[in-house]
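Let's walk through this one together, from single side chains up to the whole assembly. Keep the viewer open as you read.

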Amino acid sequence: VVATPPLSCQAEVDKISAKLNATGTGAPKGSTTIQCTGSQVVAYGNPRVIRYTRPTSSAENIAQGKILFEQNCSSCHSADATGSTKAPALRGVVGPGTVEFWVDTGRMPATNLLKVQAQRRPPRLNPQEASQVAAFINSLTPRAPYVPTVTLRHANLTTGASLFALNCAACHTITGFGDELGFSTNAPTLRDATPAQIAEAIRSGPGNMPIFAGNLSDGQVRDIVAYVSKYIQHPDDPGGAGLGGVGPVGEGFVALLFGAGGLMLVCFWIGERS
Amino acid sequence: MSDHTAHARGGGHRTPVPMPIARYDDPHLGDAARHPERSERIIALILLVGIAGVAGFGAAYVEAAPPIWLAVTLGVGLFALGFGMTAWGKYLMPKGPFVEERHELASSEADRESMAAALVERSGVVVKRRRLLGGLLGGGLGIFGIVALFPLLRSLAPKLPGNELEVTDWGKTTRLVDINGKPVHRTELAVGGVMSVYPEGALQGTTEDTKVAVDQVVLIRVATAPFTTVPGRGNWTPTGYVAYSKVCTHLGCPVGLYEHELELLVCPCHQSMFTVRKGAVPIFGPAPRPLPQLPLRIDAEGYLVSQAGFDQAAGPGFWERTTQGNGTA
């Protein structure tokens, strides 16, 4: 379903840069630095904002990734990653960033194929193994997005907050707690996501999440990642207990049960005493 | 506070009746009220705490202190004032029950009967003798009664909406712009991407322009090639871009939740779901109509523009809304 063509080198690099800089607003001019080895892109992006890197493509890394893929993934995605009736094709469809997102968040390998949506859980493969699987998939048909490394130092939290409200809060809610959506799907909570995972999700659109490619620059993605990892995951809660940020229903429940209920007990006590 | 002997108030021309309270030898008073000095001091202290609390709240508000200080000062202040008031009532006031006799409100039977007889007899004579004046007075009061209903009717609609509910700022060849007013290029969204767009110029309008709310449109890239959402809308989706009104046809919430594998738009308020590929027909939830679709094309510079405005009123239904364009065609 994704339109981005596979990478080869400079021509494809130009396509990526054009897409990343298409928005103009917030995209640092001439920021896209590219490294090529032979006919393959190794990295792109701006090291001061987000740098997208290909996983190490040494022969043993890819061989190890192939073994891991056969052990953990091939029964559904098929041995050559072209998919089956049980799971979609990966070859030429997903990039290393997408693979690392699904494996690092524990959503893949899936536990229950009958579930509409895989849920976050402790990952079965460690980060190095995830990177090896990504290297193997990338060796079949190279493709963006690569694995992002986000530098949060110059991030603007205010911009991040307004971009979050505009693009993310509709589904993930303004507190990042997440919400139920249609047909047994849900927008998961953002409390546990690492900066790299947030950037991977924005750029690759896992599952039913929309893909944000040209309409968010790397600088804007960086600001959103900073807002989520610095504020959403560590809220100020100026009123005291945040109650998990689940929203007005939960807060109303607490106010009615404990607030109004407590007042009723006080009234009862006063009535008894007089 | 020390003078506890009160005198009956009012009733100058009637026999003054002293109220049976507020004497130290009143049998209704408790021990604390009979010797009130200590209780008074404690209650005064509590009330002073209350005064300090609410004054502190004022100071905290003026100084824009952190919310925790606003909460603590107001909480302590109101609690102390209330506690002081309750203690005053409990320890210093006499305790009931008290029974006070009240004189009859009604006049005597004979007075009432003679008044009714006089009214019926005399008014009948008066109106019969002055038919014209009686009719005019009655008519005037009747018209006044109707006019008095006007504010009630006006309160139902501050002003007649005219065609405001039917039109938006979208017109022929209006550029789609993002929240910052930047036009949307055809390369902007990947397949599976979504963004909110507005008609160019509407966002720069005055703040009184409330139409921006109904102008908002959700732009989705569903495919790489044009497709047909509903027969007759074949050329509305250039390079797979499709645009629908973001205002739910149920109660007007922003329908911004896009699920790109299911190709569904979900309304956050009541979970209405709209099929993006099939003309935003509601398949679940209370929404009664499809979201109006904005016909798109790509201009010479590669930016997305509208071919025309909506072919129907956007947003929730209203009394005079026509059924045109309800997606039943």
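Which residue's side chain meets that of K182(B) in a salt bridge? The partner is E188(B), with N and O 3.5 Å apart; a salt bridge here is a side-chain nitrogen of Lys or Arg within 4 Å of a carboxyl oxygen of Asp or Glu. Both E188(B) and K182(B) are buried, and buried means under 20% relative accessible area, with exposed over 50% and partly exposed in between (1.4 Å probe, protein chains only).

Before going on, some housekeeping. This is a predicted model, where local features need pLDDT of at least 70 and side-chain atom pairs count only at pLDDT 80 or more, while totals for chains, interfaces and linings use all residues. Residues are numbered from 1 along each chain as its sequence is written, chains are lettered from A and ligands numbered from 1 in the order in which they are written, and side-chain values use heavy atoms, with hydrogens and water left out.

For chain B, mean pLDDT (the predictor's confidence in each residue, from 0 to 100) is 83, and 87% of the residues reach 70 or more. Take residues 1–12 of chain B with some care: pLDDT stays under 50 there, and the model has 11 contacts for them beyond four places in sequence. Contact means heavy atoms within 4.5 Å.

Now for the two chains. Chain A has 10 helices and six strands, whereas chain B comes to seven helices and 11 strands. These elements are DSSP runs numbered from the N terminus, helices being H or I with at least four residues and strands being E with at least two. Buried residues make up 46% of the 274 residues in chain A; in chain B, 33% of the 329 residues count as buried. If you look at contacts with a separation of 6 or more, residues 24 or more positions apart account for 62% of them in chain A and 56% in chain B.

In chain B, R277(B) pairs with E263(B), the closest N and O atoms being 2.8 Å apart. R277(B) sits in the loop between β7 (273–275) and β8 (281–284), and E263(B) in the loop between β5 and β6, so the pair ties together parts that are 14 residues apart in sequence. R277(B) itself is partly exposed, at 33% relative accessible area. Chain B also holds a network of salt bridges linking R175(B), D299(B) and E301(B).

Over in chain A, the side chains of E70(A) and K66(A) form a salt bridge at 3.0 Å, N to O. The two are four residues apart in helix α2, which puts about one helical turn between them. Leaving out residues up to four places away in sequence, N61(A) touches T56(A), Q132(A) and A135(A).

The peptide bond from M108(A) to P109(A) is cis, with omega near 0 degrees, and P109(A) lies in the loop between α4 (96–104) and α5 (127–140). A81(A) is not a glycine, yet has a positive phi of about 65 degrees; this residue is in the loop between α3 (74–77) and α4 and is buried, at 0% relative accessible area. L243(A), also not a glycine, has phi near 55 degrees. Its place is the loop between α9 (218–232) and α10 (248–273), where L243(A) is partly exposed at 39%.

Finally, the interface. The contact takes 26 residues from chain B and 26 residues from chain A. The area buried between them is about 2300 Å², with carbon and sulfur atoms giving 62%; buried area is the accessible area (1.4 Å probe) that two parts lose on being put together, summed over both. Between the chains there are zero salt bridges, but eight residue pairs are in polar contact, both residues at pLDDT 80 or more. On the chain B side, α3 (67–92), β2 (194–199), β5 (257–259) and β6 (264–266) each supply at least two residues that touch chain A.

Technical notes:
Polar contact = N/O pair within 3.5 Å; in protein donor to acceptor, adjacent residues only side chain to side chain.
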